[in-house]
Amino acid sequence: MDQSQISCRPAGDRIPPLSGKHVWLVAQTLEAEDMIGDQIFFSIHDPLSQYRCRVPELVGRRIRGCFHGWVIMSNHPYNIMWSLWNPLTSKLTRLPLLNHEDGDISECCLPSPPDDPGSILLLTRKGKPTFVFCRLDRKRKRLRWTEMSYAKQLKNITGEDGFVHSLTCCNGKLYALNTDGDDFLIEVDIVVKAREVVISLLPFVKLPSDNHVSGPYSSFFGPFLKGTCSGLFIVILYFKWKLVCSVRLVKLDMTRKLLEEMEDLDDGICFLDFDGNNVPVIASELGGGYIHMLCEEDKATHSYNVKDKTLALSSMPRLDLPPPTSGESRASYVSVWSIPECRLKGDHGEINHMVDSKHEEDKEEDVTTAVEVNSMTNQQDESYLFNIPFHVLEMIMEFCVDIDYVNFRATCKQLTAPVTRWSNRASVTRLRRYSLVSPWLMVLDKDQGVITFTDPMFGDQYSVKTHTELKGDLQIWCSMYGWLLMSKGTESVMLFNPFTSDIRKLPKLEVDFLDSFCLSTPPTSPDCMVVGFGGCNVFVHFLAREPATWLRLGLVFDGDAPSFFRFLTSCGQDLYALSSEGRLSVFTNICEEDYSWVDVEEAPTSCRRTLAQYFLAKHDQDILLVIVEEFGESVELFKLNLYTKKWEKIDGLGKYMIYICGTTCLCIEAKIPEMENKIFFALLHSENGKIVFYSLDTCRYHTFSGKSVVESLGSFFGTKQYLHPHAWIEPNYS
């Protein structure tokens, strides 16, 4: 949603009337000189609900965490004045001045409420293996900070020097992670005595090493430790080409001390704050199952749906302020407002929320409606179904493809005939009936072994089962001629046609990592050549030649080698490749001993942005470059002049259209006028679930409703993407 469409209601100098149906966040602007600044309360689930206010207790203080209904705050940017504030009782506790180096506090944690006799506020430092804590016992005449080293205890457990992080509470106990060498989960045992506090590190379990990341250009962030009333779980983010490509969620069996994959968070909502703020897992009445990643530097929130494995993008509010004057320090932060704390179902059998005056009334109406709908569904669905003549039902089932057939049969108990086990020919016949006027967006659920095809215009979806060998940690490298080139690591490389279920295994690749692949012609052609890039090597394989092996060619660069090559595109006898920096290279006679390559042209200077994405496609005999700015805030199109080897900007595609995803960039002629001059992305609108495209006529993002163009977005904010392996693919039944 565009920022201009959001109205921000003033709330004065008090906490705004926040609805308990949403989880709220606070955007703060902090100025070191005069310590003034507004706050904006906003919700990810309801972006239209925003409140601008200036709560006195928050002015000049940065929210560092929320625990047991209390807000932990520190002054910005020095973090030497800490305080605890209860917004419901207005009680504010100021702690003594903390003498330490500026900004070296990493995390904070409040293991028990301040009213507890043994309560302490616990801090960790970035550059030293020490705890800093303050006892909150109100009977004490004077509060003071104490610093304690845990270096020796930690080394006794791990055998190495290091630090603890991800402080997390679970069932009244405190846990942390150490990931400096092997990964360890550690219990932090706190015993508060009359005259001293004893903090002991106890080994809980050594975590198994994770080999999920493949290739030097992949990276991971984490792990993050989170706790609920029922146990602990760990979140790890994986990146490829600087983009989130996978999220792993594993829970710890506290009894057997084993890790198990998690399929859902139920009604829980997890926040990952990359700036060290500590946020417990909370619950939402509108449904949970999300991991929200707060990226303050980008002013964006990435929301991962654990169940359907999609990643949604939403914007954070922008606090419009004049530029800072010389010597002035100014920064903005976003924090989670979980006051009072919400607890997951099962935690004393309740979920607590701060509610507005209409909340209970709305809840009763929702319950009544749900009962009526369920009653109608249970009693009348089958009778409506059998008002349709049975021969019509047979025709409907004849048009169902694999999974759709099973789902349709399961809707009625009276359809008890054995499930038909179709041959490949029967499946292909049914799939042909759904042939579209454009490529499909194909998504592979590698865990369930199901492929889903989505029509980019009408949004219809069709599902088919896949081979059992297509389950597991698969990666799609390219989609060309209706075939997918896929791999499990580098040992199992294969070509797969999802329309014919044909699988062709390729020889094992003796390489540690890969960048990209392409096909010179369809795999059914006798002269089909597979070309792959990995680091400073090119790998070539001819499908029809014996023996089946890869030809390995080394690349030597005069200057710095590119990070990686993507979107390999053949044009005549030449092979074009695009580097991560937007530089175009052309390879000639790639399969011969006298092969050569040259750097043709860099991305246009005006568009050479650090976080831009570059896509390469072939349009007849032309080479096209699509440059998409971060978050899609601008899209520009260029054509390579083959004589001058310079990029020339163009305004449109005419009767053509482009399909873009992380591994594929297709340019084909549109079969109907409604699809002309558009760029389709592998993105879904967050509200209507339709595929998003960029119109080169309106210079905005839209979706289709039938053949009508609807919605209007100025960027990728308000969209979501699949993290399952996916690609655009042209139907091919040969």
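User: What should I know about the model before reading it?

Analyst: Residues are numbered from 1 along each chain as its sequence is written, and side-chain values use heavy atoms, with hydrogens and water left out. Because the model is predicted, local features need pLDDT of at least 70 and side-chain atom pairs count only at pLDDT 80 or more, while totals for chains, interfaces and linings use all residues.

User: How many aromatic pairs does the structure hold?

Analyst: A pair of aromatic rings is described by the distance of the centres and the angle of the planes. Rings of Phe, Tyr and Trp (its six-membered ring) pair if their centres lie within 6.5 Å, and planes under 30 degrees apart count as stacked, over 60 as edge-to-face and the rest as tilted. The structure holds 22 such pairs; one of them joins Phe499 and Tyr733 edge-to-face, at 5.5 Å centre to centre with 65 degrees between the planes.

User: Which parts does the pair of Phe499 and Tyr733 tie together?

Analyst: Strands are DSSP runs (E, at least two residues), numbered from the N terminus. Phe499 lies in the loop between strand E32 (492-497) and strand E33 (502-506), and Tyr733 in the segment after strand E53 (726-729), so the pair ties together parts that are 234 residues apart in sequence.

User: Is Phe499 buried or exposed?

Analyst: Buried means under 20% relative accessible area, exposed over 50%, and partly exposed in between (1.4 Å probe, protein chains only). Phe499, at 1%, counts as buried, and Tyr733 is buried with 17%.

User: Which residues form one aromatic cluster?

Analyst: Tyr659, Phe680, Phe693, Phe704 and Trp728 form one.

Technical notes: Helices (H or I, at least four residues) and strands (E, at least two) are DSSP runs, numbered from the N terminus.
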